[in-house]
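I have opened my notebook for a first walk through this structure.

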Amino acid sequence: MKQSILDKPHSGRGQNSVFDREFCVDGIEFELPGLREDPLGLPDLTEVEVVRHFTELTRESYGVDNGSYPLGSCTMKYNPKRNDKLAALPGFQRVHPGQPAETMRGIWRVMYELQLMLNEILGMDAFSLQPAAGANGELAGLFIKKYFDVKKEKDRKVILVADSAHGTNPASATMAGFDCRIISTNESGTMDLEDLRSNLRPDVAALMLTNPSTLGLFETNITEIAGLIHANGSLLYYDGANLNALMGIVRPGDMGFDVVHINTHKTLSTPHSGGGPGAGPVGVKKFLQAYLPGPVADYDGEDYFPSVDKEFSIGRMKSGFGHFDVLVKAYCYILTNGPDGLKECSENAVLNANYLQAGLRDIIPPVFDRLCMHECLLNGDLLRISAYSFAKRLIDYKVHPPTLVGAGCVYFSDDLGSAILIEPTETETKADLDRIVSVFKMVWDEVLHDAEFVNNAPYSREISKVPMASKEVI
Ligand SMILES: Cc1ncc(COP(=O)(O)O)c(C=O)c1O
């Protein structure tokens with residue numbers, strides 16, 4: 001009887017072509033299950049036609065390599081191509097996670113050293129590089145559930161989340177089995193401490209907080225908040241997606257955070273677009289180290305190796321070692337910039353956002369009139385058309401629409417009305433920033449002269465918007 005190829009190890013195919021339906025190895029006949037009988041109906045094209053087709057498609061997509069991409073909260077910064085090349089070195093790329101650990105010492109060394117660097121940058125004691133992206137890091141960091149189970153405080157079932165939080169925070173908390181309570185923001189854009197106090201009850205496991213927040217503002221009361229959380233026996237969780245504003249300036253660990261995750265793809269190299277790939281290392285203070293997902297990289301003074309999971313480890317978040325190529329890029333980014341360079345990145349990210357905030361305030365003033373951090377939140381209610389339509393017209397001038405916040409936007413607070421969140425990042429030059437300001441002003445002038453025309457933009461792309469009804473014009 002013929003056996004299915006699925007019963008035979010991959011390497012046993014011998015001389016047979018992989019396209020043969022039936023073939024024989026070591027005297028046993030195999031057949032490939034599910035192989036199509038008729039040829040695939042692919043178009044008959046020359047190489048040059050295929051190349052032109054795909055080149056044309058790449059022209060239709062837009063990224064930081066094409067022009068400004070000031071997408072608030074998503075940090076589309078230019079990342080050095082050199083890091084891609086380094087991550088593609090054969091010694092990094094041609095390894096198999098299943099090969100013996102002693103043949104991968106270099107890999108474990110990179111990961112071990114990256115863990116140490118992240119400890120230093122964030123002020124934490126231990127890191128796991130396992131999670132695949134920010135949201136995955138949040139889910140891992142919410143091992144907080146297990147921590148309280150082990151402590152026999154199972155009634156701590158609530159995670160507090162700021163109303164300005166990124167949507168992944170309440171989503172991750174819910175996935176981890178918690179209930180969420182939302183804490184409001186006050187008129188100055190920081191957390192309402194009265195609301196926080198009134199929600200701090202024995203059932204609270206942790207507060208998840210982003211600092212700077214997704215409103216682009218530094219949480220100035222952070223040490224008081226940490227004191228309140230810890231006095232309640234709860235933990236303070238840091239969503240480090242906005243670390244790009246803080247490197248070398250202030251550390252979450254020193255602010256009182258117990259658990260952190262970061263988005264390497266927003267801060268430490270790796271182009272972040274189209275949903276990935278990324279990495280979301282999760283870091284902890286010493287007393288939580290035993291809960292980290294594994295394997296983590298270890299060093300015994302002679303050798304680098306994957307450590308055996310600690311007592312309460314939540315296990316793996318990813319197969320293999322996580323997104324290793326992304327981790328290599330983060331490692332290279334940190335080494336090439338060094339401590340002073342990383343600080344300069346953050347300082348320039350903050351400077352650039354404030355430059356834009358100042359340059360645009362005549363037409364779109366900030367929602368909170370104070371210095372912003374790496375992104376600025378501008379009041380879209382004052383535009384004479386919807387912020388959505390305004391943003392779409394920017395496309396015609398090769399400025400990617402910024403993030404729209406509030407009404408009609410799915411993952412930020414509705415209480416803000418309509419707002420525009422702009423994050424220029426440190427990689428834009430002064431000339432780029434001046435161009436962004438002048439494009440906004442040009443569109444503003446267009447609105448004054450012919451709002452209907454702007455409403456129906458963009459005009460330069462293959463696909464345009466369904467024409468808006470004239471009531472869209474305010
Ligand atoms: C503040 C914040 N938290 C979490 C995330 C989620 O990160 P990821 O998209 O890598 O899952 C983001 C993503 O932009 C973010 O801005």
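**Around the ligand**

I began with the residues by class: the shell around the ligand has one charged, four nonpolar and ten polar residues. I kept in mind throughout that this is a predicted model. Which residues come nearest to the ligand? I noted A133, G134, A135, H166 and A241, out of the 15 residues around it.

**Domains**

Next I looked up the domain assignment, which gives domain 1 (1–42), domain 2 (83–336) and domain 3 (346–472). How far apart do the C-alpha centres of domain 2 and domain 3 lie? I wrote down 31 Å for that pair. Their contact takes 17 residues from domain 3 and 19 residues from domain 2. On the side of domain 2 that touches domain 3, I found ten polar, eight nonpolar and one charged residues.

**The largest nonpolar core**

Then I turned to the largest nonpolar core, which has 116 residues. Among these, M111, Y237, V259 and L327 touch the most other members. Helix α12 (residues 324–360) gives the largest share of this core, with 16 residues. Why does the core lie between domain 2 and domain 3? Both domain 2 (83–336) and domain 3 (346–472) give residues to it, so that is where it lies.

**A closer look at V259**

Last, I listed the contacts of V259, leaving aside its neighbours within four places in sequence. V259 is in contact with G141, I144, L235, Y237, Y238, V282, V284 and L288.

Notes:
Residues numbered from 1 in each chain as written. Predicted model: local features only at pLDDT ≥ 70, side-chain atom pairs only at ≥ 80, totals over all residues. Near = placed C-beta within 6 Å. Nonpolar A, V, L, I, M, F, W, Y, C, P; charged D, E, K, R; others polar. Core = buried A, V, L, I, M, F, W, Y, C linked by C-beta atoms within 7 Å. Buried ≥ 20, exposed ≤ 12 C-beta atoms within 10 Å, placed from the backbone. Helix = DSSP H or I, 4+ residues; strand = E, 2+ residues; numbered from the N terminus. Domains from an automatic or database assignment. Contact = placed C-beta atoms within 7 Å.
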